[in-house]
Amino acid sequence: MKLGHPYFAPLRLLASAVSMLAVLLAGCATPSTLRGTGDLGVVIERASGTVQVVTQQPPRLLARVEGLGDLSHASVVFSRDARYAFVFGRDGGLSKVDLLTGRLAGRVLQAGNSIGGAISSDGRIVAAQNYEPGGVRLFDAETLALLADISTRDPVSGLASKVVGLADLPGNRFAFSLFEAGEIWVADATDPRHPVVTRYAGVGRNPYDGLASSDGRYYLAGLYGEDGLALLDTWHPETGVRRILDGYGHGEEKLPVYKMPHLRGWAMAGEYAFLPAIGRHEVLVADSRTWQERTRVPVYGQPVFAMAEPSGRRVWVNFAFPHNDTVQVIDVPTMQVVRTLKPGRGILHMEFTGRGDAVWLSSRDDDRLVVVDTRTLEMSTVLPARNPSGIFFTWRAARMGM
């Protein structure tokens with residue numbers, strides 16, 4: 001009988017199936033077709049409106065994504081599965097970047113001026129905080145469709161407060177501060193189309209930034225209009241907002257502020273919180289149980305970020321102009337600066353790898369990224385980048401307040 005005889009039809013089908021399976025297996029075995037997201041990250045290239053998709057180990061560029069608008073002040077959060085990065089641009093753009101394909105998956109121009117955002121604990125809601133027209137807007141993380149608009153417009157004056165310090169809390173809640181109104185709001189987005197807002201008034205003058213502790217219990221807002229910070233214990237919201245580190249610069253001449261300090265970065269190390277002081281050459285240290293001042297660490301300049309290593313053993317600090325070529329390392333047990341580094345000009349941001357074996361630094365004025373080995377405190381890698389600023393790694397997808 002010939003091979004074309006009907007008798008051989010089952011054999012031909014089996015051979016075809018085996019051949020198809022071999023092709024699929026060969027495809028799965030090809031390294032270029034599969035990649036996890038756990039070791040990836042994005043770097044903001046502020047001048048060109050682009051982001052780099054990078055891999056942490058080995059440190060290298062995987063893709064450059066264009067068309068993200070004004071990134072002169074930009075921040076990033078990640079989808080729950082760490083595949084997508086949501087980029088909040090200064091021009092009010094909300095962009096969704098696919099890390100696996102290196103492409104722009106979606107973009108909406110949702111406001112006139114925006115400086116950051118957050119993602120809900122279940123990963124379904126992306127929240128954007130806005131300067132203009134003020135307020136917070138909630139979006140569907142899948143489609144970027146608008147779900148709700150939380151207005152901060154005062155019914156009497158008609159003016160809307162700028163929103164700063166937006167942070168996610170457990171239970172699909174968001175905390176944020178109102179700059180002009182001097183308030184802290186908590187929005188429960190269990191029903192994202194009808195969020196329920198709790199307001200805390202009179203927290204202090206001009207809150208400029210905020211952070212949530214890693215367990216989601218505390219929300220802290222720094223105050224630009226006066227010395228001190230405002231603290232909300234979300235386990236006991238009925239106690240309201242209280243002042244901590246009040247009057248830390250009392251009786252001393254105020255210095256000009258060259259760049260506002262940033263509270264983001266989880267500067268929680270062991271039992272302490274490390275907070276950059278406005279306009280001062282100090283890092284404030286508070287006991288994270290009582291929120292009383294523990295000490296102050298003198299540093300090289302006006303601190304912008306104070307960021308703790310994942311181990312909590314050391315805190316790294318960068319500085320405003322004219323000292324923004326410097327990074328200092330604080331040893332937590334001794335509360336002393338143990339190393340001063342000069343990694344490049346215009347060090348704008350720092351980001352640790354998930355387990356803290358390295359820290360990446362953006363050197364805006366040198367157009368490069370600098371990777372420092374945290375064991376030796378020596379530079380290990382230098383990568384080119386276009387006016388880089390924020391660096392964000394995907395380990396943030398599983399952390400609160402990031």
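**Legends for close-up views of a predicted model**

View 1. Asp98 is part of strand S6, which covers residues 93-98; strands (E, at least two residues) and helices (H or I, at least four) are DSSP runs numbered from the N terminus. This is a predicted model, in which local features need pLDDT of at least 70, side-chain atom pairs count only at pLDDT 80 or more, and totals for chains, interfaces and linings use all residues. Residues are numbered from 1 along each chain as its sequence is written, and side-chain values use heavy atoms, with hydrogens and water left out. Is Asp98 buried or exposed? Asp98 is buried, because its relative accessible area is 6% and buried means under 20%, exposed over 50% and partly exposed in between (1.4 Å probe, protein chains only). The side chain of Asp98 makes a polar contact of 2.7 Å with the side chain of Arg83. A polar contact is a pair of N or O atoms within 3.5 Å; within protein, one must be able to donate a hydrogen and the other to accept it, and residues adjacent in sequence count only if both atoms are side-chain atoms. A polar atom of the Asp98 side chain also lies 2.9 Å from the backbone nitrogen of Leu100.

**View 2. Asn206 in a loop.** Asn206 sits in the loop between strand S15 (196-200) and strand S16 (207-212). Asn206 is partly exposed, with a relative accessible area of 23%. Its side chain reaches the backbone oxygen of Phe179 at 3.2 Å. Not counting residues up to four places away in sequence, Asn206 touches Phe179, Glu180, Gly222, Leu223, Tyr224 and Gly225, where contact means heavy atoms within 4.5 Å. Asn206 and Gly222 are 16 residues apart along the chain, and their C-alpha atoms are separated by 8.4 Å.

**View 3. The largest cavity.** The structure holds 1 cavity of 30 Å³ or more, and the largest cavity has a volume of about 50 Å³. On a 1 Å grid over the protein atoms alone, a cavity is a set of points where a 1.4 Å probe fits but cannot get out, and lining residues have an atom within 4 Å of a point. Residues that line the largest cavity include Tyr208, Gly222, Leu223, Tyr248 and Pro276. Strand S17 (218-223) and strand S21 (272-276) are the elements that give two or more residues to this lining.

**View 4. The whole chain.** The chain has 1 helix and 32 strands. Of its 402 residues, 53% count as buried.

Methods. On a 1 Å grid over the protein atoms alone, a cavity is a set of points where a 1.4 Å probe fits but cannot get out, and a pocket is an open set with protein on both sides within 12 Å along at least five of seven lines; lining residues have an atom within 4 Å of a point. Grid points are joined across faces, edges and corners, and a volume is the space filled by probe spheres set on the points.
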